[in-house]
Amino acid sequence: MNDDQARYARLAKISQLINSNLDLHSLLEAVASAISDEIVQCDSTGIYLPQSDGTFRGYVGKPDHINGVTLNQMIVDPETDHLARDIIETRKSIYIPDTSIDNRPDPKPVELFKIRSLLGLPISYGDELFGIVFLFDYGIAMNLTESEIQTVEAYVNMAAVSIHNVRQFQAIQSLLREKQLLLDVTSELSLCSTTEKILDTCFRYVGRVLDNTNIGVHLCDSIGSTFRPAKLSGSSEWTEEQWRKTHSKIKLDYEKDLLFQEVIRTKKYVFIPDVDADHRPNHEACHKFGIQGVFMLPLVATGEVLGTIAVVSLGEIRTYSQLDMLLAQSIVDVTATALSNAIQLEQLELIINDRTKELRENHRILELILNSAGEGIYGLNLEGEITFCNPAAARMLGHSVDELIGKKHTDLIWSEEGRGNNNTEESILDIFGDGTVKYEEEVMFRKKDELSFPVEYVLTPIVKEGAIHGGVVIFSDISERKRTEEIIRKTDKLSVIGELAAGVAHEIRNPLTTLRGFIQLLFSNPNTKQENLEIMLSELDRINFIVSELLFIAKPQCISLQKNDLREILEHVVRLLQSQAIMNNVEIDLKIEGPIPNVSCAESQLKQAFINIVKNSIESMENGGMLQIRVELQDDHVAICFKDQGSGLSKERIPKLGEPFYTTKEKGVGLGLMVTFQIIKYHHGRIHVESAEGVGTTVEIELPLALTGSKVEHLSYTYSMI
């Protein structure tokens, strides 16, 4: 193999080594070694890389140092080294066989290293200049041939291609890392549910890219409004408490802050390495915080600025690469979108919470109104089923609220047969018809215990968008009103009858007295039939008794109240009627529970009232039976209960008891119970009657132990079915 073939083989091997190495330092070391191996008479090979100030510094080469100077101490300045300048401008190799006759090289290194000949080559690819290579022998000339120079150029060109490939590969890797980082940021932000978590995530990633954790954010209260300091990174050198306190002292005027306004107006980031050398920052604020440099980025979403993120350097000047700043802005951009969505969601949540609070408050007020209403209220769906009700409705109907829910409205209405209304198929639409309010003046509702009571109710449709969706029932228990009306009716009747009775009794009593006197004279006549006279006297006495009762109704008697023993009064009544009871096969059982205090009463009138009740009970038991009389002390009154086993009364007759001339007896005149009720009334007492056909009747009288001076306007008379 000739020398050219050997050189090419060695060149291919070294090329493979160069192209397989992706580390820049190792790659350039291999280039320097390859050049030295190829050009053995060369004492020094140095590769210089460009610096930010336009100079080139020694990076790798052979040997490590010459004449006490290391390679990395060597600086090539194109301003003073015209050879380097020509290489940079022409991008071509330049060989100087004799430096003594060429003044382009910098004379200082020529003298220091006794350079007699010099070869300079650019490491370039296309328009890119990666560095400069210098070769020389210490103290002697290299005497390079054209072929040797071409060989060196071949190695350097391969190095340039490799550097270009390495940088391309690194750029691709960097781009992939950036994309992966943005994907990670986007993924993590999508899992953040609050603005605080979103900002913490943004701070973490921006701090990683810029290697700076002194990050704060200023947000707008709403689009277009003023800024406010919102949050500081938890890894900052400041505490958030200090940060906020300092802001409160400074009180930034964002509208006059040139830096803020520029970022907002341009919607682009601004980097100021040294705030003292720039007029835009607020110098007072920067000095208070100890800020030396600031990198401010806008938070822009849907074309609107939500705020700004400031990355500051404290006490030192820092720089960032263009790529890092662009990447930081990309992170802030995806943060702005997530932040905008979170702010909108939080605002919606606030609106929803406020609306929910308002609805709850309205519901509470409505519930209080419903619960406080004295009327019964319940709602119906289209099927006529109860969907809600207030406590008053449940109380009046004897159910719990839960028991009423789901019941039919028609199930609550009492029918004529005494059972629940069977028309359960009637829907709300059938009830309303033309959609007007349905008003029922009076119906009977039934309770849970099957008892009924009178009500007035209004059924109003629930109308939404012109269609009926249900109804609301408002009802009132009118039992008390009915009782009052009945009392007034009876009082009016008594008043009329009283006036009539007074006139009739006055006109009848005088002739009766005369007739009785003449009949007594006829008794002395032996020709008069005695039996007829006795009948006449009996009937006259009967008429006189009726007249006396009429007079009692017409003109209340003057009651002389005295303390009397109730036991003695009742025992006297029992003795008086014992013979009549025996004749009717009735047993009277009087039982007084414990000691009973004397009551204030008119003894004769109270006896008359008890006599009327006992006589009615005896006469009602045609086939005999038991009459129980029970007396017991209850708080401030005495209760006297008369319970018989008579024929009883129908539900239609009970309400008419005590009305003038209403009687169930064949020969009765209907004044006995009326007088009885009047007597109890004048004693401030109360009467309650319970009865049922075929079961018997119970009359319960309550008398106060002491009477007051107040006048009793109405008789307290109640009744119910057994």
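How much accessible surface does the chain have, and what share of that surface belongs to carbon and sulfur atoms? The accessible surface comes to about 39600 Å², and 52% of this area belongs to carbon and sulfur atoms. Please keep in mind that the model is predicted. Here is a quick tour, from the whole chain down to single residues.

**The chain as a whole**
- The chain holds 18 helices and 26 strands.
- Of its 722 residues, 42% are buried.
- If you take the contacts between residues at least 6 apart in sequence, 61% of them join residues at least 24 apart.

- Six strands make an open sheet, ordered 5-2-1-8-7-6, with antiparallel pairing.
- Strand 5 (75–76) and strand 6 (94–96) are the edge strands, so named because each pairs on one side only.
- Strand 5 runs antiparallel to strand 2 (residues 56–62), and two bridges join them.
- Across this pair, isoleucine 75 of strand 5 stands opposite arginine 57.
- Helix 3 (residues 82–90) packs on the sheet, where it touches strand 2, strand 5, strand 6, strand 7 (118–125) and strand 8 (128–136).
- The direction of helix 3 makes about 135° with that of strand 8.

- Strand 14 (residues 376–380) and strand 15 (residues 386–389) run antiparallel and are joined by three bridges.
- Tyrosine 378 has cysteine 389, in strand 15, as its bridge partner.
- The two strands form a hairpin with five residues between them.
- In the turn, glycine 384 has a positive phi of about 80°.

Conventions:
Residues are numbered from 1 along each chain as its sequence is written. This is a predicted model: local features need pLDDT of at least 70, side-chain atom pairs count only at pLDDT 80 or more; totals for chains, interfaces and linings use all residues. Side-chain values use heavy atoms; hydrogens and water are left out. Helices (H or I, at least four residues) and strands (E, at least two) are DSSP runs, numbered from the N terminus. Contact means heavy atoms within 4.5 Å. Axes are lines fitted to C-alpha atoms, for helices over the stretch in contact, and angles run from 0 to 180 degrees between N-to-C directions. Buried means under 20% relative accessible area, exposed over 50%, partly exposed in between (1.4 Å probe, protein chains only). Accessible areas come from the Shrake-Rupley method with a 1.4 Å probe; for residues, only the protein chains shown count as cover.
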